[in-house]
Amino acid sequence: MATPSESSDSPSSHKLESQDASVLVDTVDVLQNGNGTNVIRRKLTGFVGFSNLPIQWHRKSIRNGFNFNVMVVGESGLGKSTLISTLFNMPLYPPRSEKRPSADIPKTVAIQSISADLEEGGVKLRLTVVDTPGFGDFVNNEDAWLPIVENIEQRFDAYLEAENKVNRANIVDNRIHAVIYFIAPTGHSLRPLDIAVMTKLHNKVNLIPVIAKSDILTDEEIIAFKARIRADLDHHKINLFETPRYEVDSDETMEEKTSIISKIPFAIVGATSEVTAADGRVVRGRKYPWGVVEVDNLDHCDFVKLRDMLVKNYMEELKEYTNEILYENYRSAKLTAMGIAQDQSVFKEVNPAVRQEEERALHQAKLLKMEAEMRMVFQQKVAEKEQRLKQSEDELFARHREMKESLDKQRRELEAKKAQIESGRIYMSTEEKSRKKAFSLRS
Ligand code: GDP
């Protein structure tokens, strides 16, 4: 069945089906955005339909429902369960059984989670509150932060594992979207335990500090206490969740955000029961012999501002910041530690001009590399040829020398022979002469 908004849109969309798309364009502005891409801003003169997207989104959200996971950290008795019940206007925690004096005292901080399905105006919310009983209750609270941080990281790990599965259709988001940190109303300043825990938590969760049971402090004491807490947080560089500001925010929204931020840490009063105020109004509050402290009265405490931030106006922002910044930082640190580096180019915005320039530079580099390689191969071949030539030249020289030596040797031998023959001939002629002489004498 069509919703009223759908049926009212239909006639105009039918009317436009036959029209030429250019008829819709009234003025065309070509703007250059930061990336150097041209953006054509067209003013439409008729109904197209995409203005319905928020309605479609709304329908989808209602169908799927929402979930929100909040963790409360603080010593027992500071009013954590009372505050949660006050925030969601229903008793979330089961009734607590009285502990016997002899009962075993737990030695470590436990982590307990309670979930509830809530519905308001047709919107469904699965609320999970993670409590940390035992926190700050021991003689030595040195490692009190450890089970809390471990639990937050285990939830990130479970989400990371689910994301890496083949079927990612129904991932349940059990990550902690906000931590309400309860500061004891001492009126002094933050204790070392508070600073140690918040330092460990602030980069992993949206941290929202509150001054518990602020009705025990006077207005002046609250102002001074808040100033000291803020100075301590600044000094230790502890980041808190602050409502993000956008360019499109109206003046009213800006003012509201400033007003919320100015109240941090929120001075809280929790009360689930209704009491009658002096003027006869029935209000949620705490009744004292001297009067009534109203939970929902901004002049009495900051409960309304906390609810505005956590539930009414910025629940989605808390979830978005958890997903996009806190979880993303955890995920990339974890994968880097495992040796899996993220390919940043995948997440780069694609600008055609920049891409073209990158491709040209890549091509140029490739050409230069090829040229260098060819030059190297050529030089190598020339060197080899030279080497071979030199080798055959050396061989020729050697052969020449050998031949020359053998010729010299032969010549020397012949000369020796010649000399020998010649000396033999001289001897013979002398002998012949003396023989001839003797013959003539005889005759
Ligand atoms: P938890 O142990 O931190 O969960 O504390 P509870 O919510 O059980 O509260 C412990 C006691 O403090 C209860 O008696 C509450 O009624 C009381 N309490 C809770 N919130 C406030 C508050 O804002 N002001 C005062 N004065 N008492 C509170």
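Visitor: Is Asn 69 buried or exposed?

Guide: This is a predicted model, where local features need pLDDT of at least 70, side-chain atom pairs count only at pLDDT 80 or more, and totals for chains, interfaces and linings use all residues. Residues are numbered from 1 along each chain as its sequence is written, and side-chain values use heavy atoms, with hydrogens and water left out. Buried means under 20% relative accessible area, exposed over 50%, partly exposed in between (1.4 Å probe, protein chains only). Asn 69 has a relative accessible area of 2%, so Asn 69 is buried.

Visitor: What does the side chain of Asn 69 reach?

Guide: The side chain of Asn 69, a residue of strand β3, reaches the backbone oxygen of Asp 173 at 2.9 Å. Strands are DSSP runs of E, at least two residues, and helices of H or I, at least four, numbered from the N terminus.

Visitor: Which residues of the largest nonpolar core touch the most other members?

Guide: A nonpolar core is a set of buried Ala, Val, Leu, Ile, Met, Phe, Trp, Tyr and Cys residues joined through side-chain atoms within 4.5 Å. Here the largest has 39 residues, and Phe 68, Ile 84, Leu 127, Ile 180 and Phe 266 touch the most other members. Another core, of 35 residues, lies apart from it and includes Leu 326 and Tyr 330.

Visitor: At what angle do α4 and α9 pack?

Guide: Axes are lines fitted to C-alpha atoms, for helices over the stretch in contact, and angles run from 0 to 180 degrees between N-to-C directions. Helix α4 (residues 145-163) and helix α9 (residues 315-337) pack at about 85°, their axes 11 Å apart.

Technical notes
A polar contact is a pair of N or O atoms within 3.5 Å; within protein, one must be able to donate a hydrogen and the other to accept it, and residues adjacent in sequence count only if both atoms are side-chain atoms.
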